[in-house]
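Subject: Model handover

Hello,

The structure is below, for your files. My notes on it follow.

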Amino acid sequence: MEDTNPEELSKLRKGVVGVQFLFVAFGATVLVPLLVGLDPSTALFTAGIGTLLFHLVTRGRVPVFLGSRFAFIAPIMKATELYGLPGTLSGLTGVVLVFFLVSALVRWRGVKLIPRLFPPIVVGAIIILIGISLSGSV
């Protein structure tokens, strides 16, 4: 059964992708807080609020769930060790502000700015380093 528009998924395929993403996003949103010593229920609540705000701002044009990021595990653990939980949460607030500034810059200059700031060769290497550094905790 072929779709008429290759960019539009059938309802069955949307369902399969949705269930797959549910397992991935929920797993990450629960696992990351457990690994860094935070409360998973707080992570789920804030991820839900953040996702709702994101959909409100983008008017639902981008289907996404904003959950935990594995890239933050090592920095959160080290920051908690050095500065305690309040210092770590302050640092995470700073990260949110940086994300906001980058999103404002992309909105102002357009999405073509992203590959110029983050070329695939750099992003790929960073993802590999994150995976290698987390392999010991798995």
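Helices are DSSP runs of H or I with at least four residues and strands are runs of E with at least two, both numbered from the N terminus. Phe99 is found in one of these runs, helix H3.

Two remarks on the source. This is a predicted model, in which local features need pLDDT of at least 70 and side-chain atom pairs count only at pLDDT 80 or more, while totals for chains, interfaces and linings use all residues. Residues are numbered from 1 along each chain as its sequence is written, and side-chain values use heavy atoms, with hydrogens and water left out.

Overall

The protein chain has 5 helices and 0 strands, in the order α-α-α-α-α from the N terminus on. Its C-alpha trace spans about 55 × 35 × 30 Å along the principal axes. Of its 138 residues, 14% count as buried (under 20% relative accessible area; exposed is over 50% and partly exposed in between, with a 1.4 Å probe and protein chains only). Contact here means heavy atoms within 4.5 Å. Among contacts between residues at least 6 apart in sequence, 40% join residues at least 24 apart.

H1 covers residues 11–36. At 1.5 Å a residue, its 26 residues should span 38 Å, and the end C-alpha atoms are 37 Å apart, which agrees; the expected span is 1.5 Å times one less than the number of residues. Just after H1, Gly37 takes a positive phi of about 85°.

The buried residues in H1 are Ala25, Ala28, Thr29, Val30, Val32, Pro33 and Val36. What covers the buried residues of H1 includes H2 and helix H3 (73–109).

How do H1 and H2 pack? The angle between H1 and H2 (residues 40–58) is about 135°, and their axes are 8 Å apart. Axes are lines fitted to C-alpha atoms, for helices over the stretch in contact, and angles run from 0 to 180 degrees between N-to-C directions. That makes H1 oblique to H2 (under 35 degrees is roughly parallel, over 145 roughly antiparallel, 65 to 115 roughly perpendicular, and the rest oblique).

On the H1 side the contact is made by Phe26, Thr29, Val30, Pro33 and Leu34, and on the H2 side by Pro40, Ala43, Leu44 and Ala47. These residues divide into 8 nonpolar, 1 polar and no charged. Ala, Val, Leu, Ile, Met, Phe, Trp, Tyr, Cys and Pro count as nonpolar, Asp, Glu, Lys and Arg as charged, and the others, Gly among them, as polar.

Thr29 counts as buried because its relative accessibility is 0%. Not counting residues up to four places away in sequence, Thr29 touches Ala43, Leu44, Ala47, Phe65, Gly67 and Ser68.

Leu134 lies in helix H5 (residues 120–134). With a relative accessible area of 14%, Leu134 is buried. Leaving out residues up to four places away in sequence, Leu134 touches Phe70 and Ile73. Leu134 and Ala74 are 60 residues apart along the chain, and their C-alpha atoms are separated by 8.0 Å.

Is Phe99 buried or exposed? Phe99 is exposed, at a relative accessible area of 53%. Phe99 and Thr58 are 41 residues apart in sequence and 15 Å apart in space, C-alpha to C-alpha.

Regards
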